[in-house]
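Reader: I am new to this structure and would like to learn how to read its features step by step. Could you guide me?

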Amino acid sequence: MKAETWFRHPGGILVSSLAATMLWGSALPVIKLSYAHIGIEPGDTFEQWLFAGYRFTLAGLMLVLLSMLLNRKRRDNITTLPWPRLLRLGVVQTLLQYLVLYVGLSYSSGVEGSILVGSTSLFQILSARLLDNRERLNAGKWFGLLMGFSGILVIGFAQQGMHVTFGIGSVLLLASAIFGGFGNVLAKRESGYESVISLTGKQMLVGGLGLLILGALNTGLTPFHLDAEGWGLLMYLSLLSAAGFALWNTVMKYNDVGKVSLYLFLIPVFGVLLSTLLLGEKLSIWIGASLLLVVTGIIIANRAGRKKVENIVRN
């Protein structure tokens, strides 16, 4: 119950969501550093899939081993998700999401990436409404969602102006956001059958192995050399994936989707801030306006959720 109490408490939700989104936000600049270090070019799609396969396979193994250590004293009480459903989750939340994401990024501008990947929050809410009729959005939550998405628009246009085209890259990024949102909600529903750490690890292992196989079909398993620095970058990406997904899936397990989804809008904000620190990219003054809009949207959505609970209690 201690874990449930923490992840249901407003402070626990805030800290866990900030940690998960900050970890995910650091992924893009670290991936860029990794590609530059080991010689993966923007158009090397199969090499990118292979590198992602290494990343998520290692992340999955970390969580599976951690789950085994945590559960070794209570094996009799462990339940597991049936394999067909586990495969479905791994294919959606990891394999398909990142398969189309890497290709989409190579055909899109930064503004399109910020806006379309940031729309994962919207598709997560819509998926929750589709899969669970109890998930409802009031006017306050919709307004909070609008504010958060406005923050993503601001940070995107501040980076590259108002020029946006909708081509194959945009379609793929939109598909990635849909898979990501649906996968997060699917993980929330399936977490009732198995511990979040175990379930997250297994689905990442499934998706990671799928990416490995698809990448290796064209490049082989070792098309690039990893020195100590390369392994360090890969291990960090694996750790952030393991920790980020484990935290976020646990937050999702214990809370309404509409209450926590807006935190996902912080990912591109953190991405820009950390790219400035790690890659020396220029920081726009508009990042402040973007952060203000996203934070305002989160506050509005959470207050709307509290009012809903208070009304239920009174009635």
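**Reading a helix residue and the salt bridges**

Author: Thr120 has its place in helix 6 (residues 120-131), where helices are DSSP runs of H or I with at least four residues, numbered from the N terminus. This is a predicted model, in which local features need pLDDT of at least 70, side-chain atom pairs count only at pLDDT 80 or more, and totals for chains, interfaces and linings use all residues. Residues are numbered from 1 along each chain as its sequence is written, and side-chain values use heavy atoms, with hydrogens and water left out.

Reader: Is Thr120 buried or exposed?

Author: Buried means under 20% relative accessible area, exposed over 50%, and partly exposed in between (1.4 Å probe, protein chains only). Thr120, with a relative accessible area of 12%, is buried, and among the residues that it touches, not counting those up to four places away in sequence, are Asn184 and Leu264; contact means heavy atoms within 4.5 Å.

Reader: How many salt bridges does a search of the whole structure find?

Author: Side chains of opposite charge can pair when their charged atoms come close. A salt bridge is a side-chain nitrogen of Lys or Arg within 4 Å of a carboxyl oxygen of Asp or Glu, and the search finds 4 of them.

Reader: Which parts does the pair Arg85 and Glu190 tie together?

Author: Arg85 and Glu190 meet in a salt bridge at 2.7 Å, N to O. Because Arg85 lies in helix 4 (residues 83-106) and Glu190 in helix 8 (residues 168-190), the pair ties together parts that are 105 residues apart in sequence. Glu190 is buried at 0%, whereas Arg85 is partly exposed at 27%.

Note on methods: Helices (H or I, at least four residues) and strands (E, at least two) are DSSP runs, numbered from the N terminus.
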